[in-house]
Protein chains: 2
Amino acid sequence: MKMNGNILLHHGSGGLMMQNLIHDLFLANFDNRFIRSLTDSAILPGKPGRIAFTTDGFVVDPVFFPGGNIGKLAVCGTVNDLAVSGAVPLFLSVSFIIEEGFPLSDLETIVKSMASEAKKARVLIVTGDTKVVPKGKADKIFITTSGIGHVEQEYEGISHARKVRPGDLVLVNGTIGDHGMTILNARESLRFSSRLESDCACLNGMIRKMLKGSPGIGFMRDATRGGLAGVLCELAGKTGLGIEINEENIPVREEVNGMCELLGFDPLHVANEGKIILVAAERYGKKILEIMKKDKQGKTSAIIGKITEGHKGKVLLNTTSGGKRWIDIPTGEQLPRIC
Amino acid sequence: MKMNGNILLHHGSGGLMMQNLIHDLFLANFDNRFIRSLTDSAILPGKPGRIAFTTDGFVVDPVFFPGGNIGKLAVCGTVNDLAVSGAVPLFLSVSFIIEEGFPLSDLETIVKSMASEAKKARVLIVTGDTKVVPKGKADKIFITTSGIGHVEQEYEGISHARKVRPGDLVLVNGTIGDHGMTILNARESLRFSSRLESDCACLNGMIRKMLKGSPGIGFMRDATRGGLAGVLCELAGKTGLGIEINEENIPVREEVNGMCELLGFDPLHVANEGKIILVAAERYGKKILEIMKKDKQGKTSAIIGKITEGHKGKVLLNTTSGGKRWIDIPTGEQLPRIC
């Protein structure tokens, strides 16, 4: 049954209408033994070992797009931030800021897709908050998710890139730029290919298989805002090592490439929501690639370059035409509100 | 040195300008060994025992008000949600959604007061996120904070009110309604008393002293949206017990009372940001009150009523004029954006 009507200011002010919304929508969909107690804080089981803790705000425009919506994006983004830190994602919080007048049926669709994505990723949404602001004071809906995961000791170094060495391989789990170009196409009604679809997905399942299936992973990062280039430039800066990537090996969908060329975007800078960049010791590279390709989220995975002794702290692209080009981190970006 | 200029869309898009903002503003003020690594997730030490996890979005209008600002409010709100759950607050995340054009100097003031409040409350801000939306798509700034705390086993039951019994006393740590009336006065430029000031404060220090100083605390909750009435009605509903409170014992500032009378608000329904309602076994009531009164945040604490066998699930007010009145949870509330 679809919910009717629109969000009113009263839905966010701590009274009976908010309690009904919490019960009928949030509890009904996110239900688990932790959220059910509706206390100020969720009280969760602890585990020996380290805790990974992350947060992200989502303001994507449009709220619904091919391949997902703001709710799916929020769950996947937070799950992926935990997973690339070497953590097993366990618990999420969700905070809604909603514009008065937002259709309840749209909120329901968003909440249902958050619940479904959380279930697939095996995380529990355990606590939350809802605020409503008057019409015109926010743009439809903003969602902030935070997440907690458990880090086993052997994977603690991954987010710090401490084990990255010259000669290591650089891999990506598939085509880049899909999310950013899909959002732009949807927002501006550009009518580019209808096959454009966001890559928005939870990657913790694939990442777990990779970590358990092979040693040698020295670094992982999800390539969201700033794209592939952002991650690699940051890695080069952090490690002081060089990175060399080969344009011909970087998977880009034909329709994304075409749209980028026409509009003047560089796919290396375009945001993804289901892509990780990882660095692996050379002798394990093939094994890891194999594991990735077997996973639904890694079918078009590729080895795209390597870590070098030379050109320290910089990223070099070998172009398909045989040239060489330095890759920079963009100063800003052309695409606001892609996540 | 004050920062100049305004927030631009580029400050939120994953590029160099965002990196500079993170370094010059967030790292400079929140600095600690966990946030410094700037990884996707903060990697934190675990502890045996349960974890408390909470989140809250803050959309208060105006952003600056007597007694605080949206940043101080966010830190205190999250710290208090953890503390009333019987947890020691440890780590916070912070997610900013900022409207293009927001003055950087205002953001700096907000960030500095978050840092200062976190320091006082002995919590670390360990991870964060910044999104910028175009002018007109949000109202100045929204902040979502999440928090993690550690719950010692003996305090696990507090947020569930499992130990609340008929005859227990109901206490509050001081005057109610200060925050809500201050915000309304500031927002509408009503020019009521200039002595109106928000009670926004971190209460974890006081709560810790109470828990350590006396047994017998069966329940605690911060009385934010929905006010004192909201907390008591929820407690009565949850436990199935009755609650009786005495109007003459409930501390209300003269200026708050006056403003409520003139504008038709009930102070019992007005939001607080530094007030907790607690229930304690009768024989420990005086001892706990003593501890509260010694703390800066509890100087005007009072015993305001008791838990009863009768009128199950309902809250009864004995008025100063000798009458009796049922207290209801408000359907909505008259005051949007008070937190």
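Colleague: In strand 1 of chain B, which residue is the bridge partner of Phe53(A)?

Modeller: Two strands pair if DSSP finds at least two bridges between them, and strands (E, at least two residues) and helices (H or I, at least four residues) are DSSP runs numbered from the N terminus. Here the partner of Phe53(A) is Ala42(B). Strand 2 (residues 50-58) of chain A and strand 1 (residues 42-44) of chain B run antiparallel and are joined by three bridges.

Colleague: Before we continue, what are the conventions?

Modeller: This is a predicted model, in which local features need pLDDT of at least 70 and side-chain atom pairs count only at pLDDT 80 or more, while totals for chains, interfaces and linings use all residues. Residues are numbered from 1 along each chain as its sequence is written, chains are lettered from A and ligands numbered from 1 in the order in which they are written, and side-chain values use heavy atoms, with hydrogens and water left out.

Colleague: How many residues does each chain bring to the contact?

Modeller: Contact means heavy atoms within 4.5 Å. Chain A and chain B each bring 75 residues. Buried area is the accessible area (1.4 Å probe) that two parts lose on being put together, summed over both; for these chains the value is about 6100 Å², 58% of it on carbon and sulfur atoms. In chain B, Asp40(B), Phe53(B) and Arg225(B) lose the most area to chain A, together 14% of what that side buries.

Colleague: How many salt bridges cross the interface of chain B and chain A?

Modeller: A salt bridge is a side-chain nitrogen of Lys or Arg within 4 Å of a carboxyl oxygen of Asp or Glu. The rule finds six across this interface. Arg225(B) also forms a salt bridge with Asp129(A), at 2.6 Å, N to O.

Colleague: Which domains does the assignment give for chain A?

Modeller: Domain bounds come from an automatic or database domain assignment. For chain A it gives domain 1 (9-155) and domain 2 (158-327). Their centres, taken over C-alpha atoms, are separated by 27 Å.

Colleague: How much area do domain 1 and domain 2 of chain A bury between them?

Modeller: The two domains bury about 2100 Å², 60% of it on carbon and sulfur atoms. Asn80(A), Val84(A) and Tyr155(A) supply 30% of the area that domain 1 buries against domain 2, more than any other three residues. Two salt bridges are found across this interface, and the side chains of Glu152(A) and Lys212(A) meet in a salt bridge at 3.5 Å, N to O.
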